[in-house]
Amino acid sequence: MKWKGRKSSSNVEDRRGMSGGMIGGGIGGVGLIIYLIFTLLGGDPSILTGNTPNQQNNTYTGTTEEQEVADFVSVVLADTEVVWNEVFNEYGMDYEEPTLVLFTNSVQSACGVAGSSTGPFYCPGDQSLYIDLSFYDELSEKFQAPGDFAMAYVVAHEVGHHVQYLLGTSIQVQDLRGKVAETEYNRYLKRLELQADYYAGVWAHYVQDMDYLEEGDIEEALNAASAVGDDRIQEAAQGYVVPDSFTHGTSDQRIRWFYKGFEAGDLENGDTFKLSENEL
């Protein structure tokens, strides 16, 4: 991706080297997953924790390579701001720009404390996306999805969740919690994720029109989308897959929805909720 020398976003908060603090004595793995799902869909985090953010500033010096990734994701965020301001304007809406928070090891947000192992995530409570830049190496080494545009896809996907929040889609899904069976609710969560992939593709569509893409960029994004499919992750972790537990979609589905957004470049064709399971 052509990014060096281009405008960075002013909506980046650098908390690298800061301690994330604890919530209620700390949240274990399962509790954190429940917590993030709850807050992802707009729930009030104080219901679960009653805590407020508390950051401790430490001296931190990143490597040259890490700083380059930080500069890169800031440029990507700036591109998402240009794209989504334009798209929302076309539909007669105003786009509220999210904040990108960079952290190391752990971070406290309006959605609680999360560690690096959680991966990048979006918190609607403070309309911010959170990324530990070590995920860039993890994406390349653990998920076998190298390349700068693979990381750009990750940022664009999390911004896609912000778009869902602004459009009210997340709230509609949250309203179904407790009203449908768990397996059915998982299907709604999966559709949220696939739609965020679609929105990431919409962003890539516009970036191509800006002539910022380089040869192989889209392939890097598709490879990253495939790498984080539920089926691929479960197969690698436990040797088998449990489709009813999928909350993000299969590798093929994630590839398909990103590419669909890339080709369409609009909001109309991204309604993952109107299709049957076989059509996803």
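Tutor: Rings of Phe, Tyr and Trp, the last taken by its six-membered ring, count as an aromatic pair if their centres lie within 6.5 Å. In this predicted model, a search of the whole structure with that criterion finds 13 aromatic pairs.

Student: Why is the pair of tryptophan 84 and tyrosine 199 called edge-to-face?

Tutor: The two ring centres are 5.6 Å apart, and the limit for a pair is 6.5 Å. The planes stand at 80° to each other, and because planes over 60 degrees apart count as edge-to-face, the pair takes that name. The pair also links distant parts of the chain, since tryptophan 84 belongs to helix H3 (residues 64-90) and tyrosine 199 to helix H7 (residues 182-209), 115 residues apart.

Student: What makes phenylalanine 88 and tyrosine 95 a pair, and of which kind?

Tutor: Their ring centres lie 5.2 Å apart and their planes meet at 65°; with a centre limit of 6.5 Å and a plane cut-off of over 60 degrees, the pair is therefore edge-to-face. Both pairs fall within one aromatic cluster, formed by Trp84, Phe88, Tyr95, Tyr198, Tyr199 and Trp257.

Student: How do you know whether tryptophan 84 is buried or exposed?

Tutor: The cut-off for buried is under 20% relative accessible area, and tryptophan 84 has 1%, so the residue is buried. The same cut-off settles the case of tyrosine 199, buried with 4%, of phenylalanine 88, buried at 1%, and of tyrosine 95, buried at 8%. Over the chain, buried residues make up 50% of the 280 residues.

Student: Why does serine 74 count as buried?

Tutor: Its relative accessibility is 7%, and because the limit is under 20%, serine 74 counts as buried. Serine 74 lies in helix H3 and, leaving out residues up to four places away in sequence, touches Ser8, Ser9 and Val12.

Student: How do you know which residues of helices H8 and H10 make their contact?

Tutor: Contact requires heavy atoms within 4.5 Å. The axes of H8 (residues 217-227) and H10 (residues 251-264) come within 7 Å and cross at roughly 145°, in a right-handed crossing. On the H8 side the contact is made by Ile218, Ala221, Leu222, Ala225 and Ser226, and on the H10 side by Ser251, Arg254, Ile255, Phe258, Tyr259 and Phe262. These residues divide into 8 nonpolar, 2 polar and 1 charged.

How values were computed: Residues numbered from 1 in each chain as written. Predicted model: local features only at pLDDT ≥ 70, side-chain atom pairs only at ≥ 80, totals over all residues. Heavy atoms only, no water. Axes fitted to C-alpha atoms, helices over the stretch in contact; angles between N-to-C directions. Helix = DSSP H or I, 4+ residues; strand = E, 2+ residues; numbered from the N terminus. Left-handed = near helix turned anticlockwise from the far one by under 90°. Nonpolar A, V, L, I, M, F, W, Y, C, P; charged D, E, K, R; others polar. Phe/Tyr/Trp six-rings, centres within 6.5 Å; stacked < 30°, edge-to-face > 60°. Buried < 20%, exposed > 50% of the residue type's maximum accessible area, 1.4 Å probe, protein only.
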